[in-house]
Amino acid sequence: MRIRSALTALAVVLAGLIASAGSSTAAGTTTGAAYCGITWGSAEKTAGALSDAPLVDVRTGRHDCYDRVVFEFDGPVDGYAIGYGETWTEGEGLALSPYTAGGALLRVSLRAPAYDDDHLGTVPYAVGEHVGNLLRYPTLRDVVFGGSFEGYSTFAVGIRARLPFRVLVLAGPGTHSRVVLDVAHQW
């Protein structure tokens, strides 16, 4: 009698697994609607070339479906490499993960300096400083300045978990440009 009950329970579990497997596509993703229509993925994203237009501002924002980090430059900038993984300070090679809040870390390398032609800093952050207050953000946990060296500027962006993200390059305001990082609240 016990064996029959155990086999019946096993058959019910297997039927449930088979039914749930049938609702997936060949790529292994569910056929349900994407969260807020987001289909960005979490693979590394790179584009653009090195620029000499300096970084002048970093700010964050909360939106209905994602959190945003905006890097603003005094001139045209379109170069970046952003992906999940350890972030190192520019010029020193110090890992930023022990100093950055979050369950996952986005490594942000901007192909532009955070200093002017006289090598004076153009943002008010020192290496290792936290850029903003992210209290009540659903996804962002931290943004830490990793420094600027030989024309590259680095940030560690702490995220609640590994989530989809996108990167946009926007012109303006005026002669400025922006590299925008959006991280979804969920998959």
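Colleague: Let's start with Gly-103: is it buried or exposed?
Modeller: Gly-103 is exposed, with a relative accessible area of 64%. Exposed means over 50% of that area, buried means under 20%, and partly exposed is in between, using a 1.4 Å probe and protein chains only.

Colleague: Before we go on, what sort of model is this?
Modeller: It is a predicted model, where local features need pLDDT of at least 70, side-chain atom pairs count only at pLDDT 80 or more, and totals for chains, interfaces and linings use all residues. Residues are numbered from 1 along each chain as its sequence is written, and side-chain values use heavy atoms, leaving out hydrogens and water.

Colleague: Thanks. Where does Gly-103 lie?
Modeller: You'll find Gly-103 in the loop between β4 and β5. Strand names follow DSSP: helices are runs of H or I with at least four residues, strands are runs of E with at least two, and numbering goes from the N terminus.

Colleague: And which residues is Gly-103 in contact with?
Modeller: Setting aside neighbours within four places in sequence, Gly-103 is in contact with Ile-159 and Arg-160. Contact here means heavy atoms within 4.5 Å.

Colleague: Thr-89 next. Which loop is that in?
Modeller: Thr-89 is in the loop between β4 and β5. Thr-89 counts as buried, at 4% relative accessibility. Beyond neighbours within four places in sequence, Thr-89 is in contact with Leu-94, Leu-96, Val-127 and Gly-146.

Colleague: What about Leu-134, buried or exposed?
Modeller: Leu-134 counts as buried, at 11% relative accessibility. Its place is in the loop between β5 and β6. Leaving aside neighbours within four places in sequence, Leu-134 is in contact with residues including Thr-60, Leu-140 and Val-143.

Colleague: New topic, the core. How many residues does the largest one have?
Modeller: The largest nonpolar core has 33 residues, and those with the most contacts inside it are Phe-71, Leu-106, Phe-155, Val-157, Ile-159 and Leu-181. A nonpolar core is a set of buried Ala, Val, Leu, Ile, Met, Phe, Trp, Tyr and Cys residues joined through side-chain atoms within 4.5 Å.

Colleague: Which element gives the largest share?
Modeller: That's β5, with 4 residues of this core. There is also a second, separate core of 5 residues, including Ile-38, Cys-65, Tyr-66 and Ala-184.

Colleague: Which residues form the aromatic cluster?
Modeller: Phe-71, Tyr-125, Phe-145 and Phe-155 form one aromatic cluster.

Colleague: Which ring does Arg-166 lie over?
Modeller: Arg-166 lies over the face of Tyr-66, at 5.3 Å from the ring centre. Likewise, Arg-62 lies over the face of Tyr-137, at 5.4 Å from the ring centre. The rule asks for NZ of Lys or CZ of Arg within 6 Å of the ring centre and within 35 degrees of the ring normal.

Colleague: Last topic, the open sheet. What order do its strands have?
Modeller: The open sheet has 4 strands in the order β2-β3-β9-β8, with antiparallel pairing. Two strands pair if DSSP finds at least two bridges between them. The edge strands are β2 and β8, each pairing on one side only.

Colleague: How many bridges join β3 to β9?
Modeller: 8 bridges join them, and the two strands run antiparallel. Phe-71 has Val-179 as its bridge partner in β9, while Val-58 has Phe-71 as its bridge partner in β3.

Colleague: And how many residues lie between β2 and β3?
Modeller: There are 3 residues between them, and β2 and β3 form a hairpin. Their antiparallel pairing runs over 7 bridges.

Technical notes: Phe/Tyr/Trp six-rings, centres within 6.5 Å; stacked < 30°, edge-to-face > 60°.
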